[in-house]
Amino acid sequence: MPKKIQTVRGMTDILPRQQVFFERVFQAFRVTARAFGFEQIETPLVEEAGLFARAIGEGSDIVTKQMFAVSRLADSPRQARTKGTDDEKGELVLRPEATASVVRAYIEHGMHTWPQPVKLSYIGPMFRYERPQAGRYRQFWQAGVEIIGEGDASIDALTMLVGWQTLEKLGLGEQLVISVNSVGDKACRPRIRKQLAAHFEKHADALCEDCQERLKTNPLRILDCKQDSCRKIAESAPELIDLLCEDCRAHFRMTLEYLDELGLPYELSQRLVRGLDYYTRTVFEIGALNDEARQSSLLGGGRYDTLIEEYGGRPTPASGFAIGVERVVELIKTKKMPSVQPLTPQVFLIQLSEGARKAALRVARTLTKNDIQVSSGMTKGSLKAQLRSADRSKAPISLIIGQREAFDATAIVREMDDGSQETVAQSAILETIRKRLSQK
Ligand code: HAM
């Protein structure tokens with residue numbers, strides 16, 4: 001028996017019935033981002049591994065465990081690294097996130113010469129080799145924004161507002177909360193690390209294996225560990241807010257004042273540090289209120305004021321977020337919302353002979369070219385059967401072309417609600433349909 005073909009573990013097909021939910025999330029995001037003046041950017045799915053290693057952190061889970069390498073099948077992974085045109089560029093990977101790519105594009109295309117801040121939005125699939133479970137996939141979609149070129153605290157609040165408003169548009173406002181924290185900047189981070197490391201050193205033996213490693217690479221991450229033993233030790237760790245430098249504390253205070261001003265519900269989350277190293281100052285996530293342990297965020301983001309400089313650009317502050325689209329889809333599916341109607345055609349085409357089918361195809365071309373949605377079975381069914389399909393499609397008008405109409409170059413226009421009919425020349429169909437649709 002041939003081997004069963006199926007999707008790769010952790011990756012899923014998004015079938016037509018699911019598309020409506022995805023489309024709803026994309027639409028809410030697009031409308032909101034556009035209202036706030038974001039322009040769209042699309043970056044490649046494949047980038048150099050080094051781009052992410054530098055941004056997300058050499059010691060982060062994403063970089064050490066979760067990136068999918070991309071190479072030509074004919075090359076062994078080793079050869080791919082050392083041979084061919086990509087050799088100087090290093091290993092290629094599927095992007096695990098898009099912030100690093102957008103920053104690369106900002107520098108590569110000299111966007112510092114554009115009016116600042118540059119506000120970009122994107123929607124696309126990301127890839128992380130994670131242990132698949134509910135809400136955690138190896139290919140998942142993100143919808144995100146980046147605001148590059150402005151460091152004011154009002155931008156941190158605005159970034160959160162864009163994410164919040166997108167989710168609010170989807171009817172989720174009541175059940176969500178923003179978790180927010182500050183992780184300090186270049187000035188205070190060394191001190192924060194030192195003090196946290198000193199605390200965790202004392203309990204090193206009780207830390208999980210990963211956290212023992214984190215103790216060496218980035219002790220802040222231990223705050224975020226989900227293991228019970230590490231959580232307990234983290235509870236007695238010094239509070240980040242007390243370790244911030246004066247500037248970071250003032251920036252954070254202002255951010256919270258803006259959030260108050262906007263009336264956005266938030267909670268201070270001392271343990272929130274996020275899994276990517278590029279963050280400075282504000283970090284945030286939006287999750288469901290009933291997810292008390294804040295295990296699964298719908299959206300995550302924050303400020304990254306040093307990343308552009310680290311890539312060789314000028315010092316440029318920036319901030320952004322990304323929504324996990326599958327997680328939002330799961331949530332809106334469980335909500336009682338106005339049911340999503342499948343696409344309703346505006347015109348249903350019925351044809352009753354081979355000659356009529358040709359005419360129907362021509363008519364379909366004319367109508368669709370003019371953005372009128374057309375449906376048709378193009379089957380050999382009887383008039384009665386095709387009228388039943390027309391009814392089911394909910395199209396307000398159907399067009400019937402039989403042998404006679406095909407011969408006369410006419411068509412019967414039928415109003416589906418009352419069954420009234422009129423014969424019109426095929427050359428006048430576009431005009432007739434437009435007029436009738438405008439009266440609906
Ligand atoms: P992130 O927290 O890694 O941040 O991902 C953002 C969101 O993507 C998460 O809150 C979650 O909803 C979703 N997500 C992450 N991993 C998975 C997965 N394996 N399966 C399903 N959904 C997932 C970033 O990616 C940053 N680039 C966000 C950002 C933009 N920060 C600044 N600008």
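The chain averages a pLDDT of 91, and 95% of the residues score at least 70. Keep in mind as you look around that this is a predicted model.

- One stretch to watch is residues 82–88, where pLDDT stays under 50.
- For residues 82–88, the model has three contacts beyond four places in sequence.

**Two domains**

- The chain is divided into domain 1, covering 16–188 + 244–334, and domain 2, covering 347–438.
- How many Å apart are the C-alpha centres of domain 1 and domain 2? They lie 48 Å apart.

**The eight-stranded sheet**

- Eight strands make up an open sheet, and you can trace them in the order S1-S5-S6-S11-S10-S9-S7-S8.
- The pairing in this eight-stranded sheet is mixed.
- Which strands sit at the edges? They are S1 (39–40) and S8 (266–268), each of which pairs on one side only.
- Strands of a sheet pair through backbone hydrogen bonds, either parallel or antiparallel.
- Helix H1 (residues 16–35) lies across S1, S5 (118–127), S6 (139–148) and S11 (318–324).
- The angle at which H1 runs to S5 is about 165°.

**A pair of helices**

- Two packed helices are described by the angle between their axes and the distance between the axes.
- Take H2 (residues 49–56) and H5 (residues 99–108): their axes come within 9 Å and cross at roughly 105°.
- H2 and H5 are therefore roughly perpendicular to each other, because angles of 65 to 115 degrees count that way.
- On the H2 side, the contact is made by Leu 51, Phe 52 and Ala 55.
- On the H5 side, Ala 100, Ser 101 and Arg 104 take part.

**The five-stranded sheet**

- There is also an open sheet of five strands, in the order S13-S12-S14-S15-S16, with mixed pairing.
- The edge strands here are S13 (374–376) and S16 (421–425), and each pairs on one side only.
- From one strand to the next, the twist averages 30°.
- S15 (residues 410–415) and S16 run antiparallel, joined by five bridges.
- Look for Ala 411, which stands opposite Val 424 in S16.
- Helix H14 (residues 354–369) lies across S12 (347–351), S13 and S14 (397–401).
- H14 runs at about 165° to S12.

- Is the peptide bond from Gln 116 to Pro 117 cis or trans? It is cis, with omega near -10°.
- You'll find Pro 117 in the loop between H5 and S5.
- Arg 281 has a positive phi of about 55°, although it is not a glycine.
- Look for Arg 281 in the loop between S8 and S9.

Note on methods
Residues are numbered from 1 along each chain as its sequence is written. This is a predicted model: local features need pLDDT of at least 70, side-chain atom pairs count only at pLDDT 80 or more; totals for chains, interfaces and linings use all residues. Side-chain values use heavy atoms; hydrogens and water are left out. Two strands pair if DSSP finds at least two bridges between them. Helices (H or I, at least four residues) and strands (E, at least two) are DSSP runs, numbered from the N terminus. Contact means heavy atoms within 4.5 Å. Axes are lines fitted to C-alpha atoms, for helices over the stretch in contact, and angles run from 0 to 180 degrees between N-to-C directions. Domain bounds come from an automatic or database domain assignment. pLDDT is the predictor's confidence in each residue, from 0 to 100. Angles under 35 degrees count as roughly parallel, over 145 as roughly antiparallel, 65 to 115 as roughly perpendicular and the rest as oblique.
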